[in-house]
Amino acid sequence: MIIQGHEIFAPLKLKTHSVVVGSGAGGGVAAYHMASAGYETVVLEEGGYFQAKDFNQREEDMMPALYRGAGRQTTTDGMIYVWQGSTFGGSTVINTADATPIDAEVLQHWQQTFGLNELTEENLAASYERVYKTLNVHRLEERILNRNNKVLLETANRLGYKAGVFNSNRKNCVGSGYCFQGCAYDAKQGTNLTYLPMASELGARIYTDVRVDRIERLSGSKYRVHGSVVERGTRRFRHPVEIDCERIIMAAGTVHTPAILKRSGFDKGLPQLGKNISLQPQIGMSAIFSDSDKMTSWRGAPQSIYMSEFDDHRAEHGLGGFRMEGVGGMAGIFSHFSNSIGHDHKRMMQQYPNTQFSALLVPDQPTGTMDWEWGPDGKVKPKIQYTPTEEWKQRFKRGFKTAAEFLFEAGAKEIHCNSAVFGPITSADQLSRIDDFPIEPGMVALTSAHVQGSCRIGLNADVGVVDQNLQLHNLDNIYVVDGSVMPTTASTHTMIPIMVMADRAMHKLAHGA
Amino acid sequence: MDNNKQLPSATRRLFLQRSLMAMAAVAASPLMSAQELANAAIATPKLNILTADDYRILSVVSDTIIPRGGAFPLGALDIDLAARIDSYIEPEDTALIQGVRGALMFLEHKAPAIQGKEGLFSSMAAEEREALLLALRDAGGDAVAVYTALRGLCLFYFYTDEQAWPNIGYDGPLVKRDRPVYPQVEG
Ligand SMILES: Cc1cc2nc3c(=O)[nH]c(=O)nc-3n(C[C@H](O)[C@H](O)[C@H](O)COP(=O)(O)OP(=O)(O)OC[C@H]3O[C@@H](n4cnc5c(N)ncnc54)[C@H](O)[C@@H]3O)c2cc1C
Ligand code: SF4
C-alpha cells in the first residue's frame, strides 16, 4: 500500500517490525526483502509520490519535483553540484539507467586496503543475478542509440580506443531522451516500478512525504522513529510521526543517512561517520560540429556509450584515470556550457542540434567530509566539504586535454565546458590552455551524481561505520544499505553496486543466507 | 584569469562565498531611491517574490545576457524572462531569494564603479552593460559569482521556455503536460 502525505490528516503513530528510511536504490531492495520474509515493514520516504503521468519532460518543472533542493545542492564552496533524487524511488527515478557492476579492481582494493574479505565477486554473484533479473538489465538496443553518443564509439573505433555500449535497466524504452526528468513511459526500471511495488504487494506500507528526523533508542534494542509528515513541494511540517519498531534500515542516501544518525546521537563511538566522501566529480563538455552533422542530443538514450581507454582501475587505488561518456537532453542546463553572453551566446545556441554533449568523469579518492545543521522546522542543511586533491586536478586536466583532442578527432570545430570563465577551444593547438584551467569555486561548475562514503564499511568502529553485513558497529538492529557504505567509489555508476550490496546484506538478514 | 586587482577589495569582501546562495551577503546594499524607481521605464507585472525593483534590474540584466536580434530575433524581454524567473522561485527558498537580490543590488549599484563608471547598471547603454558583465567574468575571484549566477539563472529559464525552442532547433517534449500537481492540504 502506498500512502501519500496529503492523505494523512492527524499525527501518525504505528508499530511495526522493520522501518526502511528512504525508497531509492538501497531502500527499495531492503523493503522488498523485509516484506518477502514476512516482516511487517514500513517504508518512509521524504519525497513525493510521482508517476509517469506527472513527468512532463521539462527541466524547470521536474528538477524541483524530483531532485533534492531542486538540483541546487552543492558542496559548501558551491563548486560541485551534488545531485540526488528525492522522491518515491529516490535517484533511480532520475538516473540514466546505466547498469555497471562494482569493478573487480575495486573489490580487490577493498580487500587489500580495508580487509573486506567477504565482499568477493563470488559472494556477490547471487545478488547480481537477482538484481539484474528484477531490473531487466541488458545491453542497450541499437535502435535507441543517438548520434550524440555513437560519435564517441565511432571515433574510439577509428583510434583503436576501448569503448562500448552500456548495459541498462530499461524495458520497452522509446528513446525519448528525458531520463533526467523521470520516465514518462514507465520504461526505466527504477525502484518505483520494481522493488517498491513488489514490496507493497507483499504487504509493506510505503509512506511518501514523510521525513525521518531522528531515532530514539528504547530498551531491548528496540527503537522509536520520530518523523514529520511534510507538505509536498515546500516540505513544511504538517503532522508528527512516531513508529515503534525492532529494526531500522537506513537508506536515505549518502548525505542524509549520517545526518539522521548524528541527530539521533548515534555518532558517539563512530568516528568515521560523515567522513571519507567521494564525489566522482565530472564536467560537462559540449562540442560544436558542422551544421550538417546533426547530433540531436536530446533524443535517444541519453547516456548510452562510454570511451574507457583511459580508465586506470587497480587494486592499489580502486578506480583511477578518466573516461568520457555521452550525455544529452537538457537545453536549460546545457546552455550554461560556455563563457559567453549576448549575441555570441545566441550564435552558439543556434547550433544546438549539431552540438555534441559529453561528460568527463574523473574518479576521486574519498577525501571529503560532511556536517549538518538543522533549521527550526527540522529541515536538515548539509555542509559537504570537499576540496579536490592536487593529484586529482592534474588528472582532470590530462583528461580534459585528452577528451578535447578526441572530440577534435571526431570532427568538432569548437569545444566548450561548464565553466563561465573558460573560453572555447577552437583548435587542437590551443590545448595547452587547459594547463591553466581554473578548478576553483566560482570558476567552474562540476557535477556529482555519485556521492558515496559517509558511513563506510570497515572491520571495526575505528575505521568504519557499518560491518560487512551493513549493520552499524555500535548498535544492534540498525543497518545502512545506501551509497554511504562504499569505502571508495564502487564503479563509474553507483546504482547497481548499491543494490547488489543491499541485496546481499538484506537477503542474508531476511532469509539467513 | 585570476586578476583580482580589477575588483576593489571592499567589493570582494562582499562575497563571503561564491555560490549564488551565498550572495545573500550583499543583499543589504542600498536600495534604489524613489526617484530612480519612478524613472523606471519597465512596467511591473504581478510578482510572487521579486520586488518591482528586483524585477526592473533583472529585466535589464536578462536583456544584456539574451538581447533581441542577432542569431535569432527572440530576446529575454520578449518572453518577460524576469517574470518567468519570479514564477519559479519558491518563497521558502530564502537563501536563493537573498542571493538573487544581493547579486542584483551589487550589479546595479556597485559594479559600475569597477569600470570607472558612475550611475546605475540599468542606465548604461547595452554595449556598456555587456562589457561590464564580461569585466566581472574576467576579474576573477569573487566577482565571477555575480556573473555566473545571473547568467545561469537567465539562460536556464530562457532556454527552458518553449518560445525559445524553435530558434535553437529543439522540437520540445514529446508529452504536452502542465507542471505536476502538488496535492493541496490544510495549512
Ligand atoms: C541525475 C543522476 C543520474 C544518475 N545516473 C546513474 C546511472 O545512469 N547509473 C547508475 O548506476 N547510477 C546513476 N546515478 C546514481 C544512482 O542513481 C544513485 O547512486 C543511487 O540511486 C543512490 O541510491 P541510495 O539508496 O544511496 O539513495 P537514493 O536513491 O538517492 O534514495 C534516497 C532516498 O531517501 C530519501 N530520504 C532522504 N532523507 C530522508 C529522510 N530524512 N526521511 C525519509 N526519506 C529520506 C530521499 O528523498 C531519497 O528518495 C545517478 C544519479 C543521479 C542523481
Ligand atoms: S529514454 Fe527511455 S528510459 Fe529514458 S525517459 Fe525516455 S523512454 Fe524512459
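1. In S4(A), A:Leu44 is the bridge partner of A:Val21. Strand S3 (residues 18-21) and strand S4 (residues 41-45) of chain A run parallel, joined by four bridges. For the terms: strands pair if DSSP finds at least two bridges between them, and helices (H or I, at least four residues) and strands (E, at least two) are DSSP runs numbered from the N terminus. S3(A) is covered on both faces, with A:Ser18 and A:Val20 buried on one side and A:Val19 and A:Val21 buried on the other. Buried here is under 20% relative accessible area, exposed is over 50%, and partly exposed lies in between (1.4 Å probe, protein chains only). In a regular strand, side chains alternate between the two faces of the sheet.

2. A word on what we're looking at. This is a predicted model, where local features need pLDDT of at least 70 and side-chain atom pairs count only at pLDDT 80 or more, while totals for chains, interfaces and linings use all residues. Residues are numbered from 1 along each chain as its sequence is written, chains are lettered from A and ligands numbered from 1 in the order in which they are written, and side-chain values use heavy atoms, leaving out hydrogens and water.

3. Next, helix H7 (residues 253-263) of chain A. Nine of its 11 residues are buried, so the helix is mostly covered by that cut-off. Among the buried ones are A:Val255, A:His256, A:Ile260 and A:Leu261. The cover includes S3, S10, strand S13 (247-250), strand S18 (369-374), strand S19 (380-385) and strand S22 (478-480) of chain A; contact means heavy atoms within 4.5 Å. Just after H7(A), A:Gly265 takes a positive phi of about 80°.

4. There's also an open, mixed sheet of four strands in chain A, in the order S2-S12-S11-S10. Its edges are strand S2 (12-15) and strand S10 (210-217), each pairing on one side only. S2(A) runs parallel to strand S12 (residues 237-245) of chain A, with four bridges between them. One to look at: A:Lys13 has A:Glu242 as its bridge partner in S12(A).

5. Which strand of chain A holds A:Thr447? A:Thr447 is found in strand S21. With a relative accessible area of 15%, A:Thr447 is buried. Beyond its neighbours within four places in sequence, A:Thr447 is in contact with residues including A:Tyr81, A:Trp83, A:Pro281 and A:Gln282.

6. On to the rings: 28 aromatic pairs are counted over all chains. Rings of Phe, Tyr and Trp (its six-membered ring) pair if their centres lie within 6.5 Å, with planes under 30 degrees apart called stacked, over 60 edge-to-face and the rest tilted. A:Phe396 and A:Phe437 make a tilted pair, 5.6 Å centre to centre with 40° between the planes. The two are 41 residues apart, A:Phe396 in helix H10 (residues 390-410) and A:Phe437 in the loop between strand S20 (414-417) and strand S21 (446-448) of chain A. A:Phe396 is buried at 1% relative accessibility, and A:Phe437 is buried at 2%.

7. Finally, the two chains together. Ring pairs link A:Trp298, A:Phe334, A:Phe337, A:Tyr352, A:Phe357, B:Trp165 and B:Tyr170 into a cluster. Contacts involve 58 residues of chain B and 58 residues of chain A. The area buried between them is about 4900 Å², with 59% from carbon and sulfur atoms; buried area is the accessible area (1.4 Å probe) that two parts lose on being put together, summed over both. On the chain B side, B:Arg151, B:Arg177 and B:Tyr182 lose the most area to chain A, together 13% of what that side buries.
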